[in-house]
Amino acid sequence: MKEFIKLTKIMKRLRNPINGCPWDRKQTPETMLKCLQEEMYELEEAIAKNDLDNCCEELGDVLFQLVFIARIFEERKAFTFSESIDRVAKKMIRRHPHVYDDKKISSHEELISQWEAIKAEENREKGREKKSALDGVPK
């Protein structure tokens with residue numbers, strides 16, 4: 001965790017309006033998408049090549065892009081990175097009742113079916129119920 005905290009402090013310094021980096025300060029979530037995509041492709045290539053040293057580096061680069069984007073949202077008072085992390089933690093626990101609860105599964109197919117049912121219920125609760133096979137597919 002100390003390394004993660006260090007990374008968030010670096011990002012906060014880079015975005016500092018007084019002594020930060022002018023390039024970093026002018027970025028937005030939209031402008032950072034290209035950087036995130038590039039890092040994801042580099043990670044994908046490292047994984048495909050089983051290049052463990054490069055995987056380590058590229059995972060760090062992807063994480064940095066996420067910290068960068070999260071910092072911008074925090075500055076806008078939209079939400080904190082902690083809120084985002086908490087939300088995904090709760091989601092993973094909710095979607096794994098066979099691990100965190102007493103739900104029993106007997107096959108891989110049953111596991112997938114359970115995951116999809118939980119996800120569908122979450123979408124219904126958020127008013128994002130799928131009406132077609134393409135609903136939920138990014139544009």
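Predicted model: local features only at pLDDT ≥ 70, side-chain atom pairs only at ≥ 80, totals over all residues.
**Stop 1: the core.** Select Leu7, Met11, Met32, Leu36, Leu43, Val62, Val67, Phe68, Ile69, Ala70, Ile72 and Phe81. These 12 residues form the largest nonpolar core. Now colour helix H1 (2–14), helix H3 (29–48) and helix H4 (52–75), the elements that each give two or more residues to this core. H4 supplies the largest share, six residues. In soluble globular proteins, nonpolar side chains tend to be buried together.

**Stop 2: valine 62.** Centre on valine 62 and show its surroundings. Beyond neighbours within four places in sequence, valine 62 is in contact with Leu36, Glu39, Met40 and Leu43.

**Stop 3: the rings.** How many aromatic pairs does the structure hold? There are four. Take phenylalanine 4 with phenylalanine 81: this pair is tilted, 5.7 Å centre to centre, with 40° between the planes. The pair joins distant parts of the chain, helix H1 and helix H5, 77 residues apart. Phenylalanine 81 counts as buried because its relative accessibility is 16%. Phenylalanine 4, at 22%, is partly exposed.

Phenylalanine 68 has 1% relative accessibility, so it counts as buried.

**Stop 4: the surface.** Select Ile93, Val99 and Tyr100. Together they make a nonpolar surface patch of about 320 Å². Isoleucine 93 belongs to helix H5 (residues 81–94). With 43% relative accessibility, isoleucine 93 counts as partly exposed.

Key: Residues numbered from 1 in each chain as written. Heavy atoms only, no water. Patch = residues over 30% accessible without salt bridge, like charges linked within 9 Å, V, L, I, M, F, W, Y side chains within 5 Å. Areas by Shrake-Rupley, 256 points an atom, 1.4 Å probe, with all protein chains shown as cover. Salt bridge = Lys/Arg side-chain N within 4 Å of Asp/Glu carboxyl O. Helix = DSSP H or I, 4+ residues; strand = E, 2+ residues; numbered from the N terminus. Buried < 20%, exposed > 50% of the residue type's maximum accessible area, 1.4 Å probe, protein only. Core = buried A, V, L, I, M, F, W, Y, C linked by side-chain atoms within 4.5 Å. Contact = heavy atoms within 4.5 Å. Phe/Tyr/Trp six-rings, centres within 6.5 Å; stacked < 30°, edge-to-face > 60°.
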